Amino acid sequence: MAALRDEVKLFIVQALACFDTPTQVSKAVKEEFGLDVMRQQVAAYDPNCYVGRNLSLKWRTVFNDTRAKFRNEVAEIPIASRAFRLRALARMAQQAEGMRNIALAVSVIEQAAKEVGDAYVNRKVDPDKSLDEEIKRLEIERRKAELKQIEKGGGNSNAQLLADLIAKLPS
């Protein structure tokens with residue numbers, strides 16, 4: 001392993017902190033500094049890897065500071081914005097239609113629909129309705145169904161109490 005200058009080490013640590021792989025960093029060092037650095041040597045500058053467990057406090061601090069800054073600034077990366085992604089998809093769809101590539105246009109439109117419909121998040125909320133309104137609507141439907149069950153002779157013996165509760169709900 002070749003001894004590296006501090007500026008090369010700093011470059012490696014910062015790149016690894018930004019989630020680049022050792023292979024990517026090795027190629028970037030070759031392009032930036034003209035040095036051939038094996039990916040195993042690059043991995044030694046990642047304190048999260050086994051080979052980097054003995055990384056000096058100086059480089060460990062640089063790594064942690066860079067990683068924290070990188071995570072906090074993700075909002076400044078354009079592709080992290082939904083509006084940016086939708087504009088790019090719109091351009092792609094127009095270009096695909098212009099090329100008469102219908103299959104590609106359909107796939108891009110489907111991608112945009114997934115983006116708008118929150119297919120890539122864990123929550124599903126209709127953007128035109130608030131969550132509170134949807135919960136109230138479902139509660140009203142549930143209570144009306146219970147009231148019908150009571151009127152048919154089954155269900156809860158507190159029919160009057162339930163009817164009063166339903167009457168108090170907004171329709």
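1. Basis of the note. The model is predicted, and local features are reported only at pLDDT of at least 70, side-chain atom pairs only at pLDDT 80 or more, while totals for chains, interfaces and linings use all residues. Residues are numbered from 1 along each chain as its sequence is written, and side-chain values use heavy atoms, with hydrogens and water left out.

2. Overall fold. The protein contains 8 helices and 0 strands; helices (H or I, at least four residues) and strands (E, at least two) are DSSP runs numbered from the N terminus. In sequence order the pattern is α-α-α-α-α-α-α-α. Among the contacts with a separation of 6 or more, 40% are between residues 24 or more positions apart, where contact means heavy atoms within 4.5 Å.

3. Burial and surface. The protein has 171 residues, of which 23% count as buried. Buried denotes under 20% relative accessible area, exposed over 50%, and partly exposed the range in between (1.4 Å probe, protein chains only). The accessible surface amounts to about 12,700 Å², and carbon and sulfur atoms contribute 55% of that area. Accessible areas come from the Shrake-Rupley method with a 1.4 Å probe; for residues, only the protein chains shown count as cover.

4. Valine 13. This residue belongs to helix H1 and is buried, its relative accessible area being 0%. Beyond residues up to four places away in sequence, valine 13 touches Tyr45, Trp59, Val62 and Phe63.

5. Threonine 66. A polar atom of its side chain lies 2.7 Å from the backbone oxygen of valine 62. Apart from neighbours within four places in sequence, threonine 66 is in contact with Gln14, Ala17 and Cys18.

6. The whole structure has 6 salt bridges, a salt bridge being a side-chain nitrogen of Lys or Arg within 4 Å of a carboxyl oxygen of Asp or Glu. One of them pairs aspartate 6 with lysine 58, with 3.6 Å between the closest N and O atoms. Because aspartate 6 is in helix H1 (residues 6-17) and lysine 58 is in helix H4, the pair ties together parts that are 52 residues apart in sequence. Both side chains belong to partly exposed residues: aspartate 6 has a relative accessibility of 44%, and lysine 58 has one of 47%.

7. Glutamate 115 and arginine 82 meet through their side chains in a salt bridge of 3.9 Å, N to O. This pair links distant parts of the chain, with glutamate 115 in helix H6 (residues 102-116) and arginine 82 in helix H5, 33 residues apart. Arginine 85 and glutamate 115 likewise form a salt bridge, at 2.5 Å, N to O. Here arginine 85 lies in helix H5 and glutamate 115 in helix H6, 30 residues apart. Through shared partners, the salt bridges join Arg82, Arg85 and Glu115 into one network. Glutamate 115 is buried at 8% relative accessibility, whereas arginine 82 is partly exposed at 35% and arginine 85 is partly exposed at 25%.

8. Nonpolar surface patch. Val74, Ile77, Ile79 and Phe84 make a nonpolar surface patch of about 340 Å². Patches are made of residues with over 30% relative accessible area and no salt bridge; like charges are joined within 9 Å, and nonpolar side chains (Val, Leu, Ile, Met, Phe, Trp, Tyr) within 5 Å. Isoleucine 79 sits in the loop between helix H4 (57-72) and helix H5 (82-98), and its relative accessibility of 54% means that it counts as exposed.

9. Cysteines. The structure has 0 disulfides, a disulfide being a pair of cysteine sulfur atoms within 2.5 Å. Cysteine 18 is partly exposed, at 26% relative accessible area, and cysteine 49 is partly exposed at 28%. Cysteine 18 is also among the contacts of threonine 66.

Notes:
Polar contact = N/O pair within 3.5 Å; in protein donor to acceptor, adjacent residues only side chain to side chain.
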